[in-house]
Amino acid sequence: MQVFVIGAGGHAKVVVDALHRSGMTVHGLVDADPRRHGSLVLGVPVLGGDEALDPCERNRTRVVNGLGAPGPADLRARIFSAYKSRGFAFATVIDPSAVVGGDVLLEEGAQILAGAVVQASCRVGCDAIINTRAAIDHDCRIGAHAHIAPGAVLSGSVRIGERTLVGTGATVIQGRQVGSGALVAAGAVVIRDIADAARVAGNPARPIRDRDRG
Ligand code: JB3
């Protein structure tokens, strides 16, 4: 199986490193920016743009989404759909330093990064990122393409909708639901349910006007 990473920026570097430490060989990266072509990311060549993977035999190839692009309506989700429609399958990434409960369900392309903890009976949706040292407690449901940023904490039985960003160091207390396409800003503390597409910040988390990325 040949493994390629899509994108060659900051998030791609993290997933390449996780794959290397998992003992996997990464055969190349692809990036939309021609200035990156021919460069190396942790020793792996940037082969060209997305079209560079056209010749790959689909049943012998796995791709990894290396775009972090956090936030609602993100590029990451569009890349996932575009590659799926081209017939590619996505590999899951589990950093060897992560702790993942035995009955956790990881859907296609889910990424569990360094030091993250995903406790028993959680489900992590396709293409979702559980980023560095995030903590996901028992029975959580993380929607497709959601991004739980570094150091965020979800207590037990939390639900996070599709494409939602839970920013760096944010906390969601047990049993709360955060809708789809929502933004929980860095450091926010969510103690009430959050609607679809809402943007919240602060402690306790309240709606905000300007997007405050985490
Ligand atoms: O905060 C953390 C821990 N990580 C952040 C991550 C979640 O998001 C990181 O600090 C960045 O804020 C961000 O990382 P990302 O998404 O890797 O961003 P950046 O470093 O800007 O790299 C994005 C790369 O994707 C650029 O090189 C773009 O040229 C490339 N790109 C954009 N569109 C694309 C496409 N590459 C391909 N193959 N196809 C595209 O359509």
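Let me start with a definition: a residue counts as buried under 20% relative accessible area, as exposed over 50%, and as partly exposed in between. Keep that in mind. And remember that this is a predicted model.

Now use it. Take serine 157. Its relative accessibility is 31%, so serine 157 counts as partly exposed. It sits in the loop between strand 17, residues 153–154, and strand 18.

With 43% relative accessibility, leucine 42 counts as partly exposed.

Back to strand 18. Strand 18 covers residues 159–160 and pairs with strand 21 in the parallel sense, over two bridges. Isoleucine 160 has valine 178 of strand 21 as its bridge partner. Both strands belong to an open sheet of five, in the order 9-12-15-18-21, with parallel pairing. Which strands stand at the edges? Strand 9 (105–106) and strand 21 (177–178) do. Each has a single partner strand, so one side of each is left without a neighbour in the sheet.

Next, helix 2, residues 75–85. Its buried residues are Arg76, Ala77, Ile79, Phe80 and Tyr83. They cover an arc of only 160° around the axis, which puts them on the same side of helix 2.

Now the ligand. How many residues surround the ligand? There are 21, and the closest are Gly10, Asp31, Arg36, Asp50 and Gly68. By class, the shell has nine nonpolar, eight polar and four charged residues. Helix 1 (10–21) and helix 2 each supply at least two of the shell's residues.

Glycine 10 has a backbone N or O atom 2.9 Å from a ligand oxygen. Aspartate 31 has a polar side-chain atom 2.6 Å from an oxygen atom of the ligand. In the side chain of aspartate 50, an N or O atom is 2.8 Å from a ligand nitrogen. On its own, the ligand has 820 Å² of accessible area, and the protein covers 65% of that.

One last stop. The peptide bond from asparagine 203 to proline 204 is cis, with omega near -5°. Proline 204 is in the loop between strand 24 (199–201) and strand 25 (206–207).

Terms used:
Residues numbered from 1 in each chain as written. Predicted model: local features only at pLDDT ≥ 70, side-chain atom pairs only at ≥ 80, totals over all residues. Heavy atoms only, no water. Pairing = 2+ DSSP bridges. Helix = DSSP H or I, 4+ residues; strand = E, 2+ residues; numbered from the N terminus. Buried < 20%, exposed > 50% of the residue type's maximum accessible area, 1.4 Å probe, protein only. Arc of directions from axis to C-beta. Near = heavy atom within 4 Å. Polar contact = N/O pair within 3.5 Å; in protein donor to acceptor, adjacent residues only side chain to side chain. Areas by Shrake-Rupley, 256 points an atom, 1.4 Å probe, with all protein chains shown as cover. Nonpolar A, V, L, I, M, F, W, Y, C, P; charged D, E, K, R; others polar.
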